[in-house]
Amino acid sequence: MKCPKTIELFDLSHSVAGKYLEKTVYPFEILPSIKNIILEVGATLDPEKFNKVGQDVWIAKDAVVAPTANINGPCIIGSKTEVRHCAFIRGNALIGEGCVVGNSTELKNVILFDSVQVPHYNYIGDSVLGFKSHMGAGSITSNVKSDKTLVVIKSDEKIETNLKKVGAFLGDFVEVGCGSILNPGTIIGRESSVYPLSSVRGCVPEKSIYKKQGEIAKRI
């Protein structure tokens with residue numbers, strides 16, 4: 001299959017990063033810019049709706065953040081988002097509205113569209129998660145190859161990212177089963193789901209069910 005492009009993965013109206021993402025062909029292109037996007041957007045946020053705390057951290061006043069959460073900037077946490085006990089936000093995290101960042105979940109250099117759920121023991125690094133996508137308990141993005149070479153996205157063609165750290169890109173409404181690993185450069189099309197305990201590599205078409213490597217069924 002062809003590698004899904006940014007516009008095929010996301011409804012860009014569901015993230016304040018939409019106007020930046022629409023300038024990309026593939027979503028991995030946004031990764032080096034996430035920090036600067038957060039700083040630019042943060043400077044425009046309404047102080048009636050957001051508190052600025054710490055170093056370049058903006059938190060919506062109606063967000064719920066556990067006192068045990070560790071949040072490093074730059075970071076934006078959107079309206080009505082919940083950040084739970086012992087969540088670790090390492091920085092460069094743009095978190096949309098109505099999201100759940102769960103117990104012991106770690107985020108680093110990410111964009112979470114509105115209504116994303118990463119609720120239980122997830123690691124999300126150098127990744128973009130689309131509207132209403134969900135990572136099951138213990139599922140993670142692997143963002144560095146074991147040989148530390150630059151990440152190449154493999155589909156019908158090989159797409160050079162020229163980046164050492166590239167996680168995963170989930171289209172809108174994607175469901176990832178518990179305990180799954182999304183290997184570096186994984187792209188999952190809109191409305192697809194991944195079986196629990198899967199190891200996913202490359203591109204998964206939209207409206208599909210990923211059962212295992214080489215076995216992908218079309219959703220009826």
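Helix H2 (18–21), strand S2 (57–60), strand S5 (75–77), strand S8 (93–95) and strand S10 (106–112) are among the elements that cover the buried residues of helix H3. Contact here means heavy atoms within 4.5 Å, and buried means under 20% relative accessible area, with a 1.4 Å probe and protein chains only. Helices (H or I, at least four residues) and strands (E, at least two) are DSSP runs, numbered from the N terminus. The model is a predicted one, in which local features need pLDDT of at least 70, side-chain atom pairs count only at pLDDT 80 or more, and totals for chains, interfaces and linings use all residues. Residues are numbered from 1 along each chain as its sequence is written, and side-chain values use heavy atoms, without hydrogens and water.

Helix H3 spans residues 34–42, and its buried residues are Ile 34, Ile 37, Ile 38, Val 41 and Gly 42. These residues lie on the same side of H3 because they cover an arc of only 125° around the axis, the arc being that of the directions from the helix axis to the C-beta atoms. In an α-helix there are 3.6 residues a turn, so residues three or four places apart point the same way.

The protein chain as a whole contains three helices and 25 strands. Its radius of gyration, taken over C-alpha atoms, is 16 Å, close to the 17 Å that the globule rule gives for 220 residues, so the chain is as compact as a globular protein of that length. That rule is 2.2 Å times the number of residues to the power 0.38. Of the 220 residues in the protein chain, 51% are buried.

How values were computed. Buried < 20%, exposed > 50% of the residue type's maximum accessible area, 1.4 Å probe, protein only.
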